[in-house]
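Work through the exercises below with the sequence and the coordinates at hand. Each task is followed by a solution in steps.

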Amino acid sequence: PAGKQPTFNVKMWLKCDHMEMVLVVFHRWIQTGIHTLLKSGLIFFVTNINHKFYFSFSSDLIPAISNNFVNPDTIFANNEMSLQDIEIYGFDYDYTLAFYSSNLHTLIFNIARDILIQEHRYPEGLKEYEYIPDFVVRGLHYDVQKALLMKIDAFHYIQLGTVYRGLHPVSDKEVIAMYEGCHVPLEIMSDFYGKSSHGHTMKQFMDIFSLPEMTLLSCVNDYFMKHNIDYEPVHLYKDVKEAIGDVHVKGIMYRAVEADIEKYICYGEQTHAVLRKLSENGKKMFLITNSPLDFVDRGMNYIVGKDWRDLFDVVIVQADKPSFFNDRRKPFRRVTDKGVLLWDRIHHLEKGQIYKQGNLYEFLRLTGWRGSKVLYFGDHIYSDLADLTLKHGWRTGAIIPELRKEIKIMNTEEYVHTMTWLQSLTSLLEHMQVRSLGGTQESNTVLAKDIFNSQFGSLFRTYHNPTYFSRRLSRFADIYMASISCLLNYDLKHTFYPRRTPLQHESPSWPEQTSTGAMNIPFQSQQIHIQC
């Protein structure tokens, strides 16, 4: 009837003596409205009986997947955690309390590029390269010796189609030849903190600030190849790393941001609201950041207000994370408002004062803030969170700004159709035990990647598997979210539960569980409170 969802009461059987006939019919059917049928919940089956293939389509409807949209403001749990148990909240500064516009990445790229030209005598022609905002994603690996940028999954396999030399992709055939397959051995992977040291030839870029660094590496590689210049990839990597470091260490970036703060920092009204909510509920708060005092003070004045220090019980700047969490040798130094370092021994960490460097062991001794009553938020999976969860038992929250964009893409009709179709093809392959369905499967796989990023795809997935980034995120973060503003949607007694997704050997016999607010489960403000 007009205006109603069409239903199908059709069961079609195709009996073919040759596999090719099934695939031809299947491909033709793809071209005549498969997305419409899949959206309506069509289920198909393929059966091999006596070497003859039976291909069936059934009209049994499944729940409308297009309605299962994920809320980008959800807090997602890797581990069960109750906010009722949290007494102390800790924060990093950059990309946790302060969020930056894309102008900052352009600034870092341009300054580092000019440092290469002026101080490392790189060709003047590099000035023709500008920052490319959407070229790379976080979490990529860089082979220092081969000058290749790539995405690796949780099992150390390279995702073919995501390997780049300079600004151009490397063919799958060449990648397989160079690595004798797609697997990257453990001994050449990056070390625990993602660095290429002690014989490790891979560097993993886990910091949001590393996006300009990856782009600059790609641009310089591209220039050298384009002009047939012979160069040593290891020297290039070290020079770019040093140039990017100078942007931070020499204070160039800090001075530029302070001079035009509205251009670079996104106004943090919600950040202020989160801090105020925690303070009003009697929670203690502290700040541990690698950034210098002047930079933090200028930013927090803009985001929160001049009284921002009143919200924090302890403020530590230039902490030198991750060394802060492991090196017991560095004592705290008190810093005056004018940046003068005092020499007196620190017996107490006082509210309203600013401290520099120090170490976590001394922090724990002076505050007594130990174990699972402490929740620390940061954007760097390694430098901010890894040691805290593995060695000290703090609860950890990862801030993943890219999450918001990826969820919005996942909620689009194009993505839902593409993934439903790709999953259906995968089930068909598994049932029929054939290696490929040809161009249809490959084009949908490429589309599933390109919908997030044309070069490297999603931050979280490679084909069926999680990325290496996702694996570390699930290990080192109890919860994760797009920004700390997501806390505004939850009561401070809320308990987060990880979704109980079936293991590969388990039957999905229980109802699907989702995070509060993720799909149709309401947030705190939308819930009806029932008194028993």
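This is a predicted model: local features need pLDDT of at least 70, side-chain atom pairs count only at pLDDT 80 or more; totals for chains, interfaces and linings use all residues.

**Exercise 1: nonpolar cores**

Task: find which residues touch the most other members of the largest nonpolar core.

Solution. A nonpolar core is a set of buried Ala, Val, Leu, Ile, Met, Phe, Trp, Tyr and Cys residues joined through side-chain atoms within 4.5 Å. Buried means under 20% relative accessible area, exposed over 50%, and partly exposed in between (1.4 Å probe, protein chains only).

- The largest core has 88 residues, and Tyr89, Phe91, Tyr93, Leu104, Met253, Phe312 and Phe377 touch the most other members.
- Helix α3 gives the largest share of this core, nine residues.
- A second, separate core of 54 residues includes Val175, Ile316, Phe332 and Leu364.
- Of the 532 residues of the protein, 52% count as buried.

**Exercise 2: packing of α3 and α7**

Task: describe how the axes of α3 and α7 cross.

Solution. Helices (H or I, at least four residues) and strands (E, at least two) are DSSP runs, numbered from the N terminus. Axes are lines fitted to C-alpha atoms, for helices over the stretch in contact, and angles run from 0 to 180 degrees between N-to-C directions.

- The axes of α3 (residues 103-119) and α7 (residues 252-259) come within 11 Å and cross at roughly 140 degrees.
- That makes the pair oblique; angles under 35 degrees count as roughly parallel, over 145 as roughly antiparallel, 65 to 115 as roughly perpendicular and the rest as oblique.
- From α3, Leu104, Leu107, Ile108, Ile111 and Ile115 meet Ile252, Met253, Ala256 and Val257 of α7.

**Exercise 3: packing of α3 and α6**

Task: state the distance and the angle for α3 and α6.

Solution. The axes of α3 and α6 (residues 233-249) come within 9 Å and cross at roughly 120 degrees. These two helices are therefore oblique to each other. The contact involves α3 residues including Ala112, Leu116 and Glu119, and α6 residues including Asp239, Val240 and His248.

**Exercise 4: a buried strand residue**

Task: is Ile88 buried or exposed?

Solution. Ile88 lies in strand β6 (residues 88-91). Its relative accessible area is 2%, so Ile88 is buried. Leaving aside neighbours within four places in sequence, Ile88 is in contact with Lys284, Phe286, Trp369, Lys373, Val374 and Leu375.

**Exercise 5: backbone exceptions**

Solution. Most residues other than glycine have a negative phi, and most peptide bonds are trans.

- A cis peptide bond joins Lys321 and Pro322, with omega about 5 degrees.
- Asp320 is not a glycine, yet has a positive phi of about 65 degrees.
- Both Pro322 and Asp320 are in the loop between β15 and β16.

Conventions: Residues are numbered from 1 along each chain as its sequence is written. Side-chain values use heavy atoms; hydrogens and water are left out. Contact means heavy atoms within 4.5 Å.
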